[in-house]
Every structure is written in structure tokens, then in C-alpha cells.
Amino acid sequence: MCIFPIKDDSIIVLPAPVGATTIVFLCLFNVKIRDYRQDAVESRYLAMEMRESTEELTENARAYCILGKDEYLIRFNEELKRRADYIDRVREKSFTGGEIKHLLEAFEESEKLAKLEKEAFNQVDSNEVNGKEACISLFDKEYREHKTNINSKINAFTAEVEQRVGGRIDLFLKIAWINIILMFIIEIWSLNAIIRSAHPVLRE
């Protein structure tokens, strides 16, 4: 007795649209997975940029206060100009509101550091104190707390993005594999139907 009884030829043509639909879905899933991976890459780049920018400002601020060389002040101001569009670039990405909020807060903390650094510059330029004394404020508790807060916000941003992206990619991969398995089963079913239709004796 036939395990897959055939009453007409519809079963033979069934796999074609099903297979085509599955391929379309797999292509769409691949595009989404690519987009999520791009989010992960961009999040790491923006996080690294914020860390490096903050460190660049700190190093040049301390060097200027201690050594008094204009080249460090020039580098400091150039870095501030370079990152002026940082927030706009962050908003252009496809991050969630909560994820963007972490970077905005990190940027605000970095701007507070820049303000403290400029105050130290003013003390040096006005000869209120010598460079070493002015530089103390760039090592004190308030300064270090801002640095800690910046790193904390950046870490929260990357962790949140990776959790979202990782979960979505895992989901899409599972769905993709389910579709592949279903397509394989249907193809086997169709092959069995074709063989039996070609050999009527197998249908008895």
C-alpha cells in the first residue's frame, strides 16, 4: 500500500512554489542578519571612538598643563572639532533609543571632562598656578569619576546592542534552519510522489 497516496498531480507541482517561497525567505533572513551584524560592528566602532577621543583629550590636556607646549593645545582643540558631529553620526544609525541614550550620556560626561580640562588651561595661561598644580585637577576624584562614568555608559551601550543583535540573529538562524528542513521534507515527499506516479504498480 502506498504511504503517500496520489489522487492527482497536484503534489508534483507543490514543491516548486514552496521551494521558491523558502528561498525568498532565506534571502530576506540573510539580509536581516547582515544588517544586525552591521549594527554590532558599528556599535564597537562608535564605542572605541568615544573611548579613544576621551583619552586623546586627557593626554593632550595633561601634557599641555605640564609642558606648556602649544602643540598639545592644538591637538586638544582639533580633537574637539573632529568629534563635533559624533552625536549626529550616532543618531543616523539604526540603534534603539535606549542604546543611543547610553552614548549620549557618555558624550555628555566627556564634555564635562573637556570643561575641566579647559579650566586647567585657563589657570596655566593666566599664571594663577604653575602647570603641575593645574594638572592636579586632571587627576582628582571628580575627574576620575567622569572617566569611570564614560566607560560605564559605553559598556552599557555595547552590551545592550550585542544582546539585541545576538538574540535577533539567533532567532533568524533558527527560522532559516526550520525552513530548510521543511523544504527538504517536501522535496523528498515530491520525489516519492513522482516515482510512484511513474510506476503505477508502486501505488498498489
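**Exercise 1. Is Cys-135 buried or exposed?**

Let's work it out on this predicted model.

Step 1. Take the relative accessible area of Cys-135, which is 3%.
Step 2. Hold that value against the cut-off: buried means under 20%.
Step 3. Cys-135 is therefore buried.

**Exercise 2. Find how many disulfides the protein has, and explain the count for Cys-65.**

Step 1. Look for the cysteine sulfur closest to that of Cys-65; it belongs to Cys-135, at 5.3 Å.
Step 2. Apply the cut-off, which asks for sulfur atoms within 2.5 Å. The Cys-65 sulfur is too far from its closest partner for a bond.
Step 3. The count is zero disulfides, and Cys-135 is in none.

**Exercise 3. Locate Ile-181 and describe its surface setting.**

Step 1. Find Ile-181 in helix α7, which spans residues 141-198.
Step 2. Read its relative accessibility, 47%, so Ile-181 counts as partly exposed.

**Exercise 4. Sketch the protein as a whole.**

Step 1. Count the elements: seven helices and zero strands.
Step 2. Turn to burial, where 37% of the 204 residues count as buried.
Step 3. Finish with the accessible surface, about 12700 Å², of which carbon and sulfur atoms hold 59%.

Note on methods:
Residues numbered from 1 in each chain as written. Predicted model: local features only at pLDDT ≥ 70, side-chain atom pairs only at ≥ 80, totals over all residues. Heavy atoms only, no water. Patch = residues over 30% accessible without salt bridge, like charges linked within 9 Å, V, L, I, M, F, W, Y side chains within 5 Å. Areas by Shrake-Rupley, 256 points an atom, 1.4 Å probe, with all protein chains shown as cover. Salt bridge = Lys/Arg side-chain N within 4 Å of Asp/Glu carboxyl O. Helix = DSSP H or I, 4+ residues; strand = E, 2+ residues; numbered from the N terminus. Buried < 20%, exposed > 50% of the residue type's maximum accessible area, 1.4 Å probe, protein only.
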